[in-house]
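Me: I am new to this structure and would like to learn how its features are read. Please take me through them step by step.

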Amino acid sequence: MKFSISAKKNQQSSAAAEVLCIGKNAVKTKVLALLGKETAATAAVLSEIAQNDDKKRFQAAFSTENTPHRFALWCVEPSENAAAIAKACAPLTAWLKAGDEAQIVVYVDGLSKKEAAALVSPLVRAVGDADYAYRAGKTRDNEARERELVFVGENTADKDFQAAFRAAEVLVRAMDFARDLGNAPANFCTPESLANQAKARASKVGVNVKIHTPAQIAKLGMHAFLSVARGSDTEPRFIELHYQGGKKSDAPIVLVGKGITFDSGGISLKPGEGMDEMKYDMCGAASVIATLCAAAELQLKLNVVALIPTCENMPSGRANRPGDIVTALNGLTIEVLNTDAEGRLILCDALAYAERFKPQAVIDVATLTGACIIALGHVGSGVLGNDQALIDRLLAAADGSNDKIWQLPLWEEYREQLKSNFADLANIGGRPAGTITAATFLSYFTENYPWAHLDIAGTAWKSGKDKGATARPVPLLLEFLSHSATL
């Protein structure tokens, strides 16, 4: 999907679907001035708008003598609420998705400048979501449909509109990149491949990259991470991305992404049904790579570091066994009671490593627990942490991006469930409060900086006929970084 803007009042194209956006206060003369002369079809639409009780939204497709192609007249309720705007976009997006036009032209002069700027981001994102398809694995019907979304009108020259348009364009590209990584099967997206793709993406936007090999990971002391990786014949990687948009002395925000490129469960083997979806266990890694590169592309004025421990979790004679004890980077010993609780073992070393950057905040992103799906379903991600101010900023970013999260508690009492008779702590705390005890485990490695944990197990991908990566929480993270850059 291509995106562009034009200050011209009209955009002639014989292969376009046209959308006229008007605010609730638009009058008939304003509509007609944009549409042209009144016809029976436009009169019928205007009449129906006038009879609409709430006068908030109306969308209809019609043809006229001058517009034989599809045309939508869309009455938009102005709102500062991103969720409300996204909901309003849904029927229009479905209407656009049903067509095969090469160009979608959206006229925005029926809106105020403020209304137009508020609409552009959710509409670009919605159309981008609808237009996305993963094609790398197909040999037939795999050609991308070339489509362009064009915003037309004098309002497009407004600086707020252009800033919103630019941010939305970068966001959609970042989400497409994250989805491509997530949807790639494990034989396409190995730890080495993930590192190479991160390096290639980062090099395009001026981000510094460091890729650690197994020997270098061992030298760092990341033995919890390596204990998971050694069960696979595929080598692990530890990826570092550094973006410096602020002053050199500014403390960075560190993003940590779980990068299990395939999770069989290890010796604690998962059931076979649905195991193909365990390629999505690296969606946390995909989201932080995409987010950091998007921040660099937008030239946000802050420093960001992304840390991605990536490996496979496989059963073998070298794999972790239930009852094994491993030592993390910070010196804590861990009793591995369940090898399918591997994500926290690779994250704990990355979180301990993050301390060396003296960060202003650390956010880890992981498809960590099935318990989070039980708690929140597939609507919102879970958020927990040791700094309420940081969590409040994430909650605000969730509202601003319509990328929902919900806070769960992290009370001291949950540490009791992680006690071990044989090591400093166990890697699981039993069935009760599984999402919370997983975050509690991570909290042992984040005691010296503000930290928040995002459990995206229920939101990172969809199953069923719409199976595929969602690229969440890229919108949330980019909104958070964009706001942080202004503080």
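This is a predicted model: local features need pLDDT of at least 70, side-chain atom pairs count only at pLDDT 80 or more; totals for chains, interfaces and linings use all residues.

Me: How many helices and strands does the protein have?

Reply: Helices (H or I, at least four residues) and strands (E, at least two) are DSSP runs, numbered from the N terminus. The protein has 14 helices and 20 strands.

Me: What share of the residues is buried?

Reply: A residue is buried under 20% relative accessible area, exposed over 50%, and partly exposed in between (1.4 Å probe, protein chains only). Of the 487 residues in the protein, 55% are buried. Contact, a further term, means heavy atoms within 4.5 Å. Among contacts between residues at least 6 apart in sequence, 78% join residues at least 24 apart.

Me: How is the span of helix 10 to be read?

Reply: The expected span of a helix is 1.5 Å times one less than its number of residues. Helix 10 (residues 343-354) has twelve residues and reaches 16 Å from its first C-alpha to its last, close to the expected 16 Å. Twelve of the twelve residues are buried, so helix 10 is largely enclosed by the rest of the structure. Among them are Arg 344, Asp 349 and Tyr 353.

Me: What is the corresponding reading for helix 9?

Reply: Helix 9 (residues 283-297) has 15 residues and spans 21 Å between its first and last C-alpha, close to the 21 Å expected. Here 14 of the 15 residues are buried, so helix 9 too is largely enclosed by the rest of the structure. Helix 9 is followed by Gln 299, whose phi is positive, near 55°.

Me: How do helix 4 and helix 5 cross?

Reply: Axes are lines fitted to C-alpha atoms, for helices over the stretch in contact, and angles run from 0 to 180 degrees between N-to-C directions. The axes of helix 4 (residues 113-131) and helix 5 (residues 159-183) come within 8 Å and cross at roughly 20°. That makes helix 4 roughly parallel to helix 5; angles under 35 degrees count as roughly parallel, over 145 as roughly antiparallel, 65 to 115 as roughly perpendicular and the rest as oblique. The residues that meet include Ala 116 and Val 120 in helix 4, and Phe 161 and Ala 164 in helix 5.

Me: Which side chain makes a polar contact with the side chain of Ser 227?

Reply: A polar contact is a pair of N or O atoms within 3.5 Å; within protein, one must be able to donate a hydrogen and the other to accept it, and residues adjacent in sequence count only if both atoms are side-chain atoms. The partner is Asn 320, at 3.0 Å. Ser 227 lies in helix 8 (residues 223-229), and counts as buried at 1% relative accessibility. A polar atom of its side chain also lies 2.7 Å from the backbone oxygen of Ala 224.

Me: Where does Ala 341 lie?

Reply: Ala 341 is in the loop between strand 13 (333-336) and helix 10. Its C-alpha is 6.9 Å from that of Ile 428, 87 residues apart along the chain.

Notes: Residues are numbered from 1 along each chain as its sequence is written. Side-chain values use heavy atoms; hydrogens and water are left out.
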